[in-house]
Amino acid sequence: MSSVISAIGTSNPSNQFAQSRILEFMKEAHQLESNQARRLEKLYQVSGIDYRHSVLQDFGKQKGNYSFFGNDDGLNPFPTTAGRGFIYEQNALQIALQAVEDCLKQINFNPQHITHLITVSCTGMYAPGLDIELVEKLGLKPDTERTCINFMGCYGAFNALKVADYICRAQATAKVLIVDVELCTLHFQKENTLDNWLANSLFADGAAAVLVQHEEQTADKLFHINSFYSELISKARNEMAWRIGDFGYEMQLTSQVAKQIKGGIKNIADKLLKKAQLAFDDIGQYAIHPGGRRILEVCDEAFQLHPDQNEHAYEVLRNFGNMSSATVLFVLAALGKKLKTKQREEKILSFAFGPGLTFESMVLTYA
């Protein structure tokens, strides 16, 4: 017997910015001359993103009015890692609580019944941390078992789902709440490099919450969790990296990531489907982490997808940008709403990618 995802909730900070407005901020922040500014404009035009959210208001302000960044030409004093961590600690809980409320209200679930809590983030850490604050604010029982999955990058939610699945298979009465919070915009880097151009054109803030239960213990079933498969492509380990610097977390993200994904994803999908005893013809929908528009396009090409098979990933990218590990949960939430109008028992193939280069994959069935 398998475990099921009963509900998925999402939330974002109240500050929403048009991608065109963020572009103006970036041109000033990177102090670009006209030729470079035109190149950056082209990057933003093909990003596939219309809007992003941030806990910071500065992306919508004019220079001289910043409250987080410094107001001289170099944004000095530039926020330290400690300063960014302080903003994370001030904001993560509220956004997390909004996602949990959105999740649990869908099925009228009492938080008192939660037995396990899994938190996910790669954009901030502190202790006593988000997990303990959630126990206190949600009124969870003090013996709620807590697990923290940190600093794994955009595939972190897959590890949380695996742990939740393992728990529910081992303990049928378990009620596992996953809370994933990513405040990526806190880690804006001002140096004029292509890596920073790419990262600053993509990342955004958001949170998601997922309730996982054993299928025999609940009538609330959104997706059945079927199978997982993970593989590390070490030859591409330098294409994506994430390190703690003196002025925030520093992202290394090269333009070769999409090429590496295109070259490896079909083979990894074959292995996952063999494990799940399925064929590609059994898959009706896809839930691909929208790490960027080009990543979605190479997945479309590798799997020869019809536009409606992965449309929700493009929709999430367009409206929210890349929220690191929380993003694929936004995609699954959008897919769940879409499938309510479709035939049940739809099989879904899902992927996310991260440092390593790591491929995480899973098969779900719409319940």
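Mentor: The largest cavity holds about 290 Å³ of space. This is a predicted model, where local features need pLDDT of at least 70, side-chain atom pairs count only at pLDDT 80 or more, and totals for chains, interfaces and linings use all residues. Residues are numbered from 1 along each chain as its sequence is written, and side-chain values use heavy atoms, with hydrogens and water left out.

Now the terms. Rolling a probe the size of a water molecule over the atoms shows where empty space is left. The search runs on a 1 Å grid over the protein atoms alone. A cavity is a set of points where a 1.4 Å probe fits but cannot get out. A pocket is an open set with protein on both sides within 12 Å along at least five of seven lines. Lining residues have an atom within 4 Å of a point. Grid points are joined across faces, edges and corners, and a volume is the space filled by probe spheres set on the points.

Back to the largest cavity. Its lining has 26 residues. Nearest its centre lie Cys184, Thr185, Ala199, Asn200 and Phe203. The elements giving two or more residues to this lining are α1 (19–29), β3 (51–54), α6 (194–202), β9 (240–245) and β10 (248–253). Helices (H or I, at least four residues) and strands (E, at least two) are DSSP runs, numbered from the N terminus. By class, the lining has 15 nonpolar, ten polar and one charged residues. Here Ala, Val, Leu, Ile, Met, Phe, Trp, Tyr, Cys and Pro count as nonpolar, Asp, Glu, Lys and Arg as charged, and the others, Gly among them, as polar.

The count comes to two cavities of 30 Å³ or more. Phe25, Glu28, Ala29, Lys63, Tyr66, Asp73 and Leu75 line it. That lining divides into four nonpolar, no polar and three charged residues.

Next, the pockets. The largest pocket holds about 450 Å³. It is lined by 25 residues, and Leu198, Leu202, Gly291, Gly292 and Arg294 lie nearest its centre. At least two lining residues each come from α6, β10, α7 (257–276) and α8 (293–303). Helix α8 gives the largest share, four residues. The classes here are 14 nonpolar, eight polar and three charged.

The second largest pocket holds about 250 Å³. Its lining has 14 residues. Ser6, Ala7, Gln106, Leu222 and Lys340 lie nearest the centre of this pocket. β1 (3–11) and α10 (327–339) each supply at least two residues of the lining. Six of the lining residues are nonpolar, three polar and five charged.

Now set these spaces in the whole chain. The protein chain has ten helices and 13 strands. Its radius of gyration is 20 Å, close to the 21 Å that the globule rule gives for 367 residues, so the chain is as compact as a globular protein of that length. The radius is taken over C-alpha atoms, and the rule is 2.2 Å times the number of residues to the power 0.38. The C-alpha trace spans about 60 × 50 × 35 Å along its principal axes. Of the 367 residues, 61% are buried, meaning under 20% relative accessible area with a 1.4 Å probe, protein chains only.

Definitions and conventions: Buried < 20%, exposed > 50% of the residue type's maximum accessible area, 1.4 Å probe, protein only.
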